[in-house]
Amino acid sequence: MERFFSPVATALPSVSRVLVLAPHADDEVFGCGGLLTQLAAQRADIQVVVITQPEDSALASVRKAESNAAAALLGYPAPQWWDFADGALHSAHQALQARLVALFNDTMPDAVLVPSPWEMHRDHRALCDAALAACEQSALATDEHNCQLGFYEIGQPLTPNQLVDITPVLALKEQAMACFVSQHTLQDYSRHISALNAYRSYTLPKATLAAEAFLWVPVAELALFRAHIDPQRLSGVTWNAEKEIMAFRDEQVRLEKMLANERAAVANEYRLAYERQLDARQAELDGIYRSRSWRITRPLRGVTALLHNPKASARRLLNLLPAPVKQRLRGAFQRVEQWAYRLSISSSHTTLRQEMMDRRLALLAQGTPGWVGKQAPEGEPASWPLVSLSVVTYSSAEWLPALLESIVAQDYPLERLELLFVDNGSTDQTLAILDDFKRQHGDQFAQCAVHELPNPGFGAAHNHAFHQSLGDFFLVTNPDLEFESHTLARVVAMAIHDSADTASWEVRQAPFEHPKHYDPVSFETAWSSHACILIRRTAFAALGGYDERIFLYGEDVEFSFRCREAGWQLRYCPWAWVLHHTYEEAHQVKPAQYVGSTVANLFLRLRYGSRRDVFSGVLLIGASLLRSPFPKARKRLLSAYFKLLKQAPGLLRENRRHPGQSVGVFRGLDYEFTRHGAFVEAPLVAADQAPLVTVITRTYQGREWLLQQAGISVLQQSWPNMEWVVVEDGGEQCRATVDALAAASPVPVRYYHQPKQGRSAAGNLGLRMASGRWCVFLDDDDLLFADHIETLAGTLHNDHTLNAAYALSWDIQCEVDPDTPSIKEVAYVQHAAHQQPFCHKELSWRNFIPIQAIAFERRLFEQWGGFNELFDHLEDWDLWRRYADGAHFALVPKTTSLYRTPLIEKVSAARQALLDAAYHEVKGATDRELADRNTHPALRE
């Protein structure tokens with residue numbers, strides 16, 4: 001008898017056509033994924049049918065994608081999807097049975113796999129019952145057809161008559177189970193199934209790590225089998241639980257009846273009195289509804305309700321319609337919203353990015369930009385440029401002490417600073433603080449003046465300060481910030497080494513860096529924030545200062561657009577920064593900023609936008625009135641829009657004076673596209689505490705012009721302690737480019753070369769020569785934003801448990817012509833796969849970490865070695881998997897780098913074909929190495 005309860009592993013069933021019935025998307029993998037993988041390898045014809053779908057359509061789409069991904073991994077075709085409701089198969093027995101009969105007659109399989117009748121989940125048992133009945137009614141039950149029904153187990157062990165050894169495909173099944181991310185958020189099913197498969201190896205040889213259990217019953221014997229199915233064979237826990245539930249329900253019904261009787265007895269005496277009061281109130285209300293005043297004011301009430309909450313009013317109207325009409329209208333609304341958003345994005349974005357790219361290449365053709373490596377103006381401090389620092393205050397007493405203290409602590413000579421404070425009618429201690437500062441420190445500056453105005457607005461107040469100043473540069477500053485000691489020296493050094501057609505240099509804000517895009521090589525930007533910005537005096541004067549029609553918010557974007565309209569360039573200075581106390585918390589909505597920025601967007605569309613921008617701006621007025629992020633937001637917006645309406649004709653006339661100049665860039669109620677991570681705090685680290693970071697770049701002949709761009713993005717990093725190691729594979733043609741960059745570099749630059757040995761060998765040479773605690777790879781055609789090393793190294797410095805940190809990256813789809821040389825950038829794509837938190841299982845089957853996006857401890861190289869030099873492709877994926885095993889990696893959700901992929905479909909397809917061809921070889925080699933580590937723990941020492 002023992003053989004019936006302890007079967008040994010047997011050969012795979014000899015079948016050519018297999019039909020798998022899965023009640024839910026994942027059961028086919030959990031229950032028989034190992035068997036299916038091995039049958040697929042024997043070229044069996046496998047068809048999987050998933051019977052139920054979740055009610056949530058979005059979740060259903062996710063689960064389909066997960067199941068399809070698992071099928072692709074295991075080697076059988078994507079499942080067929082039926083539409084029965086998840087959790088309700090027990091109520092659809094007849095319909096399910098009829099569809100199964102038709103399916104069996106159409107496919108005529110040799111084997112049908114179905115959950116066992118002893119499963120806990122009622123959908124599993126309902127599918128099993130329907131499959132048993134359908135088999136007996138279909139052509140499978142005829143004598144000439146020899147078909148077997150195979151029961152598999154998921155949530156409840158069965159008594160099997162076959163165990164299938166799945167050790168050879170165990171890792172593949174585990175990867176397939178890991179695909180079902182949506183289910184693993186609810187329960188760790190992979191752990192449970194792995195435990196069940198391990199338990200099934202109990203009676204098998206020691207070398208067998210896991211097995212799947214099946215009970216095979218010939219269709220011809222189903223009648224006998226059905227007679228012996230006993231519900232008592234369910235586990236005692238489940239059976240007792242079901243009985244306890246029934247007993248509980250009976251007791252609940254009894255108590256509810258008793259309680260209902262008691263309530264009826266107590267409440268009956270109150271009911272009549274309450275009904276009389278209700279009748280009286282109803283009569284009073286009916287009288288109001290019949291009154292003339294109620295009928296006359298009905299339209300006004302409708303308009304008030306619509307304005308108060310238009311979305312709720314629209315939903316109420318929508319709910320009155322039939323369901324099919326509602327569904328179509330919702331779809332139409334969504335399409336209109338998507339169309340309106342696309343319309344709100346300026347067509348000039350692509351043109352502007354290309355113009356910036358062309359200017360970048362023209363700048364680099366002249367050599368390394370003059371500001372690279374310059375931390376302060378040259379010469380004696382007494383000869384440094386005179387800077388006029390303008391601060392507009394409005395009840396700013398809370399912030400002024402820290403600002404004033406930071407000004408006095410500047411490395412810039414104070415005698416070369418003019419301080420001009422313009423107060424716009426403060427009602428707190430602002431003027432007293434300024435007067436006291438002037439008495440104590442006024443003599444240290446070239447000028448220290450306090451002007452009082454009746455609040456003409458932010459821009460008008462700064463214009464007033466400009467007319468009282470004499471400086472070569474005009475520094476506009478908010479009162480709610482603090483300077484670092486190096487801020488002025490660094491931004492002025494950049495300005496005096498820049499070209500004469502650059503109008504301004506924006507200072508970086510911390511702890512939240514402004515997320516707008518800027519060129520990571522030339523630092524050119526489409527518009528500048530004027531929280532703290534250095535402006536060339538001649539540019540400010542030529543443009544007439546700020547447009548005083550804008551009272552508050554948006555004047556900086558308007559000035560930026562006017563600069564570019566006049567032919568000036570705008571630049572960003574990320575290594576000069578200020579601490580800006582602009583938000584009390586992330587994503588804070590400030591009423592004045594919200595109203596001012598929203599109305600300013602329409603103002604700028606009228607003045608600088610194309611006809612499309614103006615039209616979409618009108619649509620945005622309606623969209624902005626549909627939401628109310630704070631009390632009385634709509635009322636304040638309407639008031640501001642009416643004022644803007646008076647200015648609209650003049651703005652449109654000014655716009656027509658400059659036809660064809662695409663200086664206005666708009667994206668909804670925002671402007672230039674932004675980097676992810678607006679509210680990721682900068683992990684600032686003191687220069688004397690910053691460990692050394694090594695950036696390694698691999699290159700080869702003919703890539704000098706790309707290497708120059710990558711190198712400048714390295715040399716302009718804000719992290720204070722780093723080195724750049726360049727390895728040329730197959731010659732020394734790039735040495736001159738590296739030497740030219742090294743001459744201007746503020747950090748050590750080291751160049752190495754080797755005979756032609758490939759990318760992996762070049763990377764290993766760079767790792768051997770690295771001196772840093774942490775290493776970063778940067779391919780010669782990729783670029784880093786200035787805060788890339790700071791973001792990653794700062795994260796690692798502040799969390800000693802981490803071995804590596806990686807950030808988000810833009811995939812720049814472009815056309816690169818090395819002969820010109822030129823680059824045409826078409827799209828900036830932020831892939832969703834790059835945004836997921838680190839996951840070992842996810843990394844085991846795909847690489848979601850671009851090579852330049854990650855910083856890692858160099859000791860990982862010392863422990864596990866470098867790239868596998870047999871690999872020409874996917875070598876970084878192999879490296880990350882080996883380094884991540886037993887280590888801690890973390891994602892920083894901020895875009896800090898970019899990499900390029902070919903836009904031309906033919907080139908992209910050829911590149912993808914090489915990666916696909918290398919996939920299984922690389923994955924298999926890494927799997928074997930990691931398995932060896934687990935088998936031989938000494939390898940980890």
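Okay, let's start at G567: just after helix α21, this glycine takes a positive phi of about 100 degrees.

Quick housekeeping. This is a predicted model, where local features need pLDDT of at least 70 and side-chain atom pairs count only at pLDDT 80 or more, while totals for chains, interfaces and linings use all residues. Residues are numbered from 1 along each chain as its sequence is written, and side-chain values use heavy atoms, with hydrogens and water left out.

Back to α21, which spans residues 555-565 and is mostly covered: eleven of its eleven residues are buried. Buried means under 20% relative accessible area, exposed means over 50%, and partly exposed sits in between, with a 1.4 Å probe and protein chains only.

In what order do the eight strands of the open sheet run? They go β10-β9-β8-β11-β14-β13-β15-β12, with mixed pairing. The edges are β10 (447-452) and β12 (481-483), and each of them pairs on one side only. Neighbouring strands of this sheet are turned by 30 degrees against each other on average, ignoring direction. Helix α17 (residues 430-441) packs on the sheet and touches β8 (387-393), β9 (417-423) and β10, with its direction at about 160 degrees to that of β10. For the cut-offs: contact means heavy atoms within 4.5 Å, and axes are lines fitted to C-alpha atoms, for helices over the stretch in contact, with angles from 0 to 180 degrees between N-to-C directions.

Inside that sheet, β13 (residues 502-510) and β14 (residues 532-536) pair antiparallel over three bridges; two strands count as paired if DSSP finds at least two bridges between them.

Now over to β5, residues 148-152, where four of the five residues are buried. Which strands does it pair with? β4 (residues 111-115) pairs with β5 in the parallel sense over five bridges, and L113 stands opposite G150. β7 (residues 211-218) runs antiparallel to β5, joined by five bridges, with F151 opposite L215.

Two loop residues next. H24 is in the loop between β1 (17-22) and α2 (27-41). Why does H24 count as buried? Because its relative accessible area is 6%. Leaving out residues up to four places away in sequence, H24 touches V50, T52, R63, D86, H121, D123 and H124.

G866 lies in the loop between α30 (859-864) and α31 (875-884), and counts as buried because its relative accessible area is 13%. With the sequence neighbours up to four places away left out, its contacts are N764, L767, F861, L879, R882 and Y883. G866 and R882 are 16 residues apart in sequence and 9.4 Å apart in space, C-alpha to C-alpha.

Last stop, the surface. L285, I288, Y289 and W294 make a nonpolar patch of about 340 Å². Helix α10 (residues 236-290) gives the most to it, with three residues. I288 lies in that helix, and at 38% relative accessibility I288 counts as partly exposed.

Terms used:
Patch = residues over 30% accessible without salt bridge, like charges linked within 9 Å, V, L, I, M, F, W, Y side chains within 5 Å. Areas by Shrake-Rupley, 256 points an atom, 1.4 Å probe, with all protein chains shown as cover. Salt bridge = Lys/Arg side-chain N within 4 Å of Asp/Glu carboxyl O.
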